[in-house]
There are 4 protein chains.
Amino acid sequence: MTQPMREWFGEKERLRCWLGIYASLAAAQADLGLVPRAAAERIAETALTGEIDLVEVAATTVRTGHSTAGLVAWLQSEVGAAAAPYVGLGATVQDISDTWTALTLRRTGELAGQDLIALLQLLRQLTERYRATPMAARTHGQVGVPITVGFKAAGWAAECERHLDRFAEGRERWEVAPLGGSVGSIAYWGTQGPDLLDAFAARTGLGAPVLPWGCARDAVAEFACWAQLTATLLGRIGNEVYQLQRTEIGELTEAVAPGQISSVTMPHKRNPELAEHLVTLRRLVSASAGLLIDGALVEHERDGRMWKAEWVALPDLCSALTRATRACVDLVRGLQVQEHRMARNLAAAATTSEQVVTALAGRLGRDQAFAAVRTAIDRAGPGGAWMAELADDPRIADTDLMSTADLVDHDAIASAVAFADRWLRGGTQW
Amino acid sequence: MTQPMREWFGEKERLRCWLGIYASLAAAQADLGLVPRAAAERIAETALTGEIDLVEVAATTVRTGHSTAGLVAWLQSEVGAAAAPYVGLGATVQDISDTWTALTLRRTGELAGQDLIALLQLLRQLTERYRATPMAARTHGQVGVPITVGFKAAGWAAECERHLDRFAEGRERWEVAPLGGSVGSIAYWGTQGPDLLDAFAARTGLGAPVLPWGCARDAVAEFACWAQLTATLLGRIGNEVYQLQRTEIGELTEAVAPGQISSVTMPHKRNPELAEHLVTLRRLVSASAGLLIDGALVEHERDGRMWKAEWVALPDLCSALTRATRACVDLVRGLQVQEHRMARNLAAAATTSEQVVTALAGRLGRDQAFAAVRTAIDRAGPGGAWMAELADDPRIADTDLMSTADLVDHDAIASAVAFADRWLRGGTQW
Amino acid sequence: MTQPMREWFGEKERLRCWLGIYASLAAAQADLGLVPRAAAERIAETALTGEIDLVEVAATTVRTGHSTAGLVAWLQSEVGAAAAPYVGLGATVQDISDTWTALTLRRTGELAGQDLIALLQLLRQLTERYRATPMAARTHGQVGVPITVGFKAAGWAAECERHLDRFAEGRERWEVAPLGGSVGSIAYWGTQGPDLLDAFAARTGLGAPVLPWGCARDAVAEFACWAQLTATLLGRIGNEVYQLQRTEIGELTEAVAPGQISSVTMPHKRNPELAEHLVTLRRLVSASAGLLIDGALVEHERDGRMWKAEWVALPDLCSALTRATRACVDLVRGLQVQEHRMARNLAAAATTSEQVVTALAGRLGRDQAFAAVRTAIDRAGPGGAWMAELADDPRIADTDLMSTADLVDHDAIASAVAFADRWLRGGTQW
Amino acid sequence: MTQPMREWFGEKERLRCWLGIYASLAAAQADLGLVPRAAAERIAETALTGEIDLVEVAATTVRTGHSTAGLVAWLQSEVGAAAAPYVGLGATVQDISDTWTALTLRRTGELAGQDLIALLQLLRQLTERYRATPMAARTHGQVGVPITVGFKAAGWAAECERHLDRFAEGRERWEVAPLGGSVGSIAYWGTQGPDLLDAFAARTGLGAPVLPWGCARDAVAEFACWAQLTATLLGRIGNEVYQLQRTEIGELTEAVAPGQISSVTMPHKRNPELAEHLVTLRRLVSASAGLLIDGALVEHERDGRMWKAEWVALPDLCSALTRATRACVDLVRGLQVQEHRMARNLAAAATTSEQVVTALAGRLGRDQAFAAVRTAIDRAGPGGAWMAELADDPRIADTDLMSTADLVDHDAIASAVAFADRWLRGGTQW
């Protein structure tokens, strides 16, 4: 877990946040004249600065089996008899925990968003620097025609931008105040329910929804979807580095921190630590996201079977997501592009075969050309000198075909460069 | 599967769609002067009207183990020698299947979107008609204070609107043309790759992305997320009806089609068919969505392990989603609101207990009031006459407390009505 | 988390367990004469009783980024120079963590198994006591013909037995010693690898597999499957109680602990706490199980992307599973069977409709009989006096049909009782 | 889908199977004297040989919305008035579909089991032939010390055996007759319910459970678990080949079928078709398994929301599983072991680094030895001549250390061979 998330989910900061929600609620009620202003101020003051007795709060929680009874009892005793009746008036546990959920989504989005913007900048630099550095494209695990490092980086960057776009759209829906009272209609406050919802939203700095969340968990589920989509990109980048760092490929390598040990016994090992973590974290995000999305199939106005899993799954998801965004920034910042390995791997594979067939097809016909090239490659074996084998082919040996000027097209990466440039030119709002 | 989807995924329409993509590709290449206009027109004509030899196409597909080889061979032989070399020039299987995927997302969105708009209208009518019809809210499966039918319907409607909003935002990202060639960079066409992508997009009526999709499957994954979120609302509505149609509750009931048999042996059975289907379909959508979202963790420039599961999961997802949107429209259109059962269920539960405690608290103090009411309810048992028991409580028996004018607040549903009205006033862009 | 699991997963007990594994390893090597016996004994002594410096261990772990480097360094310095070279000789991190995993599976199985046996006994008592107590069966949420409480309990019990059978079979595969060394072949010890594996297994009290686990994670995945299947039964029991405790049904109710608050405002609420938890816990087990099962798709001889998620998912799964087994024991132990509600709910539904049709069919013909009954039920409405309506039916009114002796079969629950008795007679090995 | 599965799930064979179940039911009832023997024989004869009118059956099914009404109507009209009343007496849809499910599990297990036994034999041959053929082990994607091809194959084989063991244990639980009638208690037949269950089981050749399945779906869920575990091994083998067939590694390669095209444009491509399919199929199995396992959380005595998803998920799972078992047999049968690539890849990596450190440590001390080797490897770069660099190290240059006889241990694979032999010696019951 990153440090800011560790703090956010720590018991102390969480209880303080809950107290702040009680303060916002009382303030909003005072704004509408429903409770005395002095009581609201007294609650706010205590919520902000009171010394919480964690042991007593925990004891009451266990004794009553009720999630907020302990905290409320403490707060009521601290604010004194005059203000005590105005603590959480008309509110239920879900009001507190859902508002905390909305604030958690906001905080997590803030942290992940910052990292994604940093990642985008690093990917832009990578694209610019290596826009025309050839490397093998690979399909089905096999080396194909070349692309460029910058083209690959631009693909990551463009997707990263789309996740930022999704974030900007989605947060309008999930950074909202979910006050609902006992059954989601703020029944306690009668016709003033809607106004109270707006006032509470203003006090918490969250948006005001048309209706309370209640049993509509699509905001939480949408956030989970976004987290999962985003983590999948991060996992994809991690997996790509893991694979390209293979001993036999060695095209992209992670920076190694001083003192870091890959293996206590084998000095030659260089394990892709962050790269692997990104895939692992993606899997963790995905499992938690599944819980949150399925959890939106709520029955009636409140459904503990669905809702309470959020209390576990949401912190897990937020922790794993922000750890992944941070790890990906670190990975890309230290990423080493091994150009000589890229060149060697390209050279070893018959990646120009398509172009050679095209060049020969004019005189031999396409079928003969294809057959000649395939035979030469088979004879040479992996990494072998197949162009020499081709020159020996009886169909070619006594001709000038091998010297044909257009036999090898040196511009195989032209389109990859063009696309990388197109993305660079496009600019970004991020 | 609904009829339009059955047609869309039928072999005939799918092959016709693939041919249309070859036609769009040739047309786009002609637009840029890359292939002769006459060849492109010949290809378009054949693609549109040619009689496809399904048996031969299938045979070649099996023989070569290659997904488009059969269709291309047929098309090339049909268009004649002059146009044949311009069929699918520089394109690979993924270009055809991914463009078909984008068109499938568009078609599915069209069908689901229409249903969702119809559903929204039905839910609006439900909200209007029953905005002030009291029914029990239920939390943790227990009857709580009342809400109104319209409040519940407004909750569904507001979420439905949000799914339509998500759809409008997301389709900009997924209804785009994914041309990429052998490795995703349109390598065959060199520097003209980007222009060809734009021309192809124009010809297919899809948007033009900055870069080809290639290994970035976030568009497909986002669609899957949207489908899953949307299906979860539909499943939630279905589950709500399933539960509220229980014999012992009977508040909402499905329309029964003439001739429909719930049970061949038990004449009293009225099973919630559509309601159950909606939950089942939600589960199917979710399983397919999981495959599509996980499938975005692609390795390198093309990854059959991930990509080919789309060929199964996407049709499954689209079929289940559109069947669910249609079923939900049918369910809500025929939904019967059993007001007398709602009233009876409310009356049988001690739903006014909170208000009675409040009324008594002024004289007895809150703790005594709470204890008196709880004791009365326990004595009366489920559905029993607890108010009579309360009247006998020694703390109350010889007082005028029971006649207190404010004992029962007849405005318990005021906030629910206010929220239903607020949503109705809000209007919608849909 | 239950207390025994909290301890097991606590840092202190975990490190002690890891140290014990180092001791077992050295002892096994001494058994084969590979290391001096004195060194092995020194290591065992320190591992068992040494005061671990948690702060220093943690610091080294962070500095090296290596999971066991800190602990090994501490252990080596404690045992002194003579024994230090024999600490973890030829072992790698995975040997320690996988052995701990196997021990965790054993410990978790022990705890869960005890609970399941207790649950089975409680269910047997429930079956015996209520073998002939009628209650409504429900299909598609609708009341059908009666079964008995004992029949329902026997169904849970029989499934519980099958999970215990699966456990007994599976533990032979997962409670085994997974020593494998750097790449899973115990390469360090050459031809003595297999013997060392056996000796190590003997020292840890785990079984000896033919080959080290290495990248074959099917043991962990099978345990996850078992946990998921078992948790699903627990969740099914919980859900059944949640539904049958509904205000309108009230047939099964949870015991309420003294002092427990369901709602701070509504004194009439009795929420099914444990019942809901069981469904929630099932969902948590399922999410972790998914991670562990998918995690068996390992690449090569060690794959951090898959393996390290076990470090999170396994403790989560074990904690949730044992909390669920315990909660289910508590739920069933306190379960209250409300026979009067069962009788009332049966009476209110037309559950004898099938039998009445059969009785009338002899004279009226089956179609007329079915129609007459359906009409009567429709007229009476839910819970209405449909038999009176039937008596008024013109086809029946002036006949003696209603008095037919066989009209109502009082033995509707005969088969349910017979099956409950059959299960009770069957006995169990558990 | 493989041919046997295509037939099994084809409409014709499915309806025939359903008819056979009606025949078994009538026969069992005749065995107990509940229905006339002649009627049962007439039903059996028609079920076995009658010409099914598929169009009419489908039409009735659609009209009634009832899954078996069409087939039953056809069967009743075919058997004539005397036998008609005895068609499916006391049975409900679930009896037919669940029995078909049990038979499907048996059929699928039969097909998959045969393939797994064939796979096991092929893996045994692979183990025998290549028991001592060195290849690199890989951890975290990095080349480590050597293992042997046979060791890897033995790891697959041993896991394959365990899946066969699980199958043998599980089928006792899932190949059972699930007759339950309207609510799972065979209520129609009263006290004869248990005997009828046994007689029906005898007639279908399935086992007789203590209680009908009813809402206990753990048999189906356990099968799904088994399928998922098994498919994960198949996917793991596929993924291993996919990775080791990489152009840059080339150690294991799939056989290429004559006429098979990997790429229409690039003659050098050799895609790992079956290997990729195995991973894809594993993912499909897993998604369906998730549906079936979650589907065991059934409410009450029948729950369409859970149960009906089986009708989609089970055929999908069985099809994907058997396609995977068959594909894996084909893959392993044609697998080509490229020994020269294995040798070259081993030679290029510094896999003896651990042994060299050990050899130098005696004179230099372990820390100096480790540092010298790491420095040499870093200087040489990937695939470089690090032993030459080491010889130049000032700590070594003027010594005879490099010539130390024990510097290179030629028996690095000794333990791998020993384990492969141990598995081969172990024999198998399969």
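## Where chains meet

Chain C and chain A together bury about 3000 Å², with 54% of that area on carbon and sulfur atoms; buried area is the accessible area (1.4 Å probe) that two parts lose on being put together, summed over both. Of what chain C buries against chain A, 23% comes from C:Arg283, C:Leu291 and C:Arg305, more than from any other three residues. The contact (heavy atoms within 4.5 Å) draws 35 residues from chain C and 35 residues from chain A.

This is a predicted model, in which local features need pLDDT of at least 70 and side-chain atom pairs count only at pLDDT 80 or more, while totals for chains, interfaces and linings use all residues. Residues are numbered from 1 along each chain as its sequence is written, chains are lettered from A and ligands numbered from 1 in the order in which they are written, and side-chain values use heavy atoms, leaving out hydrogens and water.

## Two copies, one axis

| Item | Value |
|---|---|
| RMSD, chain A on chain B | 0.1 Å |
| Turn, chain A on chain B | 180 degrees |
| Shift along the axis, chain A on chain B | 0.0 Å |

The two copies are thus related as by a two-fold rotation axis. In chain A, the C-alpha of A:Cys225 is nearest the axis, 3.1 Å from it. Since 100% of the interface residues of chain A are also interface residues in chain B, the copies meet through the same surface.

How values were computed
Least-squares fit on C-alpha atoms with pLDDT ≥ 70 in both.
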